Amino acid sequence: MPSTVLDVTAVAVGIIENAQHQVLVAQRPEHKLQGGKWEFPGGKIHVGEAVPEALARELHEELGITLRAACPLQRVRHAYPDQSVLLDVWRVTDYTGEPHGREGQPLRWVTPQGLDDLDLPAADLSIVRTLQLSPLYLITDSRRYGRNGMLALIERALSAGARLLQLREPQLSIEEYTEYARSVTVLAHQYGAHVLLNADPSLVAACGADGVHLSSRRLMALQRRPLSQACLVAASCHDIAELVQASRIGADFVVLSPVLATASHPYVTPLGWDGFLHLRMHSDVPVYALGGMLPEHLHVARAMGAQGIAMIRGLWEASSVELAVEAVLR
């Protein structure tokens, strides 16, 4: 019997957060497909309809709110046994009205971590993973601060709430890097934080780390995702080709750089916020902005669809690492 190619149903999805950083979910009616499961608000995109228009229409029909502003977050492709879906996910940044279930559906505000306790459609699980990512991505530099000095700075950041860290130490030998990665990972796990290794993916298991951060060179050399879904996979990107490759291999997020001028790369022309926005619109996966970032840049980055900001000197050289972390996370 010949195989059947399923039509793809395009769906606009809205991520709505309240002041307590909780996310709005609604329960599907029992008589509908996947009835009883919780989902993010949204619905099918009509033929010829732009995604923001579809999202505004669906949010008004479902929740009685008027969409004023939203930015793209990610695209999720998922194949169910009976249909394939493309979820075009947008973060709602401004709306008027009070969300309520206009169709009688129960609503609930849930923390990103609390989403794990709900029964959601399989396609939504990738969105949950994104929402659980910190808005702050720290990158180490022990060459500048020394290994012990870097560990002390990391612990200060962790104690202030940092939960996502890239161990980038190209000056270390593999043996030195492995030993240092184990120490950093043990420290980070005491705070419930995740450590990604900027190294060969094979070192992740050996170091007990939580995933890998691929350099653009490693990214472009890959044919498939290098680690299972149990680990995080991130990548450094600088152009559209690298963004496309990151999406193709199933990266969980990427870092775009350099957005602003940096002292470490004075001869590299920065993207600027316009260039960042242009590339961001070509990414199917969540994006962090890197290069000259300070805590006050988070609101600009988020307005352009970024998951958050990645920081090196802007954090470690702050007069108070703790206050800098708190300024991003508050």
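**Overall architecture and local features of the predicted model**

The structure contains 0 disulfides. Cys231 takes part in no such bond, and the cysteine sulfur nearest to that of Cys231 belongs to Cys207, at a distance of 12 Å. Cys231 is buried, its relative accessible area being 16%. For Cys237, the closest cysteine sulfur is that of Cys71, and the separation of 19 Å is too far for a bond. Cys237 also counts as buried, with a relative accessible area of 0%. The coordinates described here come from a predicted model, and every value reported below was computed from that model.

With regard to overall architecture, the protein comprises 12 helices and 15 strands. Its radius of gyration is 20 Å, close to the 20 Å given by the globule rule for 330 residues, so the protein is as compact as a globular protein of that length. The C-alpha trace extends over about 60 × 50 × 40 Å along the principal axes. Among the contacts with a separation of 6 or more, 62% are formed by residues 24 or more positions apart.

Of the 330 residues, 51% are classed as buried. The accessible surface amounts to about 15,400 Å², and carbon and sulfur atoms contribute 53% of this area. The side chains include 28 positive and 35 negative groups, and the centres of these two sets are 3 Å apart.

Most residues other than glycine have a negative phi, and most peptide bonds are trans. The bond between Ser257 and Pro258, by contrast, is a cis peptide bond, with an omega of about -10°. Pro258 is situated in the loop that connects strand E13 (253-256) to helix H9 (272-280). His21 is located in the loop between strand E1 (8-15) and strand E2 (23-27). With a relative accessibility of 45%, His21 is considered partly exposed.

His46 occupies the loop between strand E4 (42-44) and helix H1 (51-63). The relative accessible area of His46 is 46%, and this residue is therefore partly exposed. His46 and Val11 are 35 residues apart along the chain, and their C-alpha atoms are separated by 9.0 Å.

Glu98 lies in the loop that joins strand E6 (84-96) to strand E7 (107-110). This residue is exposed, at 60% relative accessibility. Beyond residues up to four places away in sequence, Glu98 touches Leu63 and Ile65. The C-alpha atom of Glu98 is 7.2 Å from that of Gly64, a residue 34 positions away along the chain.

His265 belongs to the loop between E13 and H9, the loop in which Pro258 is also placed. At 46% relative accessibility, His265 is partly exposed. Although His265 and Ile249 are 16 residues apart along the chain, 28 Å separates their C-alpha atoms.

Ser283 is found in the loop that links H9 to strand E14 (287-290). Ser283 has a relative accessibility of 2% and is therefore counted as buried. When neighbours within four places in sequence are set aside, the contacts of Ser283 are with Arg75, Leu243 and Val254. Ser283 and Glu61 are 222 residues apart along the chain, and the distance between their C-alpha atoms is 29 Å.

Key. Residues numbered from 1 in each chain as written. Predicted model: local features only at pLDDT ≥ 70, side-chain atom pairs only at ≥ 80, totals over all residues. Heavy atoms only, no water. Helix = DSSP H or I, 4+ residues; strand = E, 2+ residues; numbered from the N terminus. Rg over C-alpha atoms; globule rule 2.2 N^0.38 Å. Buried < 20%, exposed > 50% of the residue type's maximum accessible area, 1.4 Å probe, protein only. Contact = heavy atoms within 4.5 Å. Areas by Shrake-Rupley, 256 points an atom, 1.4 Å probe, with all protein chains shown as cover. Lys, Arg positive; Asp, Glu negative; His and termini not counted. Charge placed at Lys NZ, Arg CZ, Asp CG, Glu CD. Disulfide = S-S within 2.5 Å.
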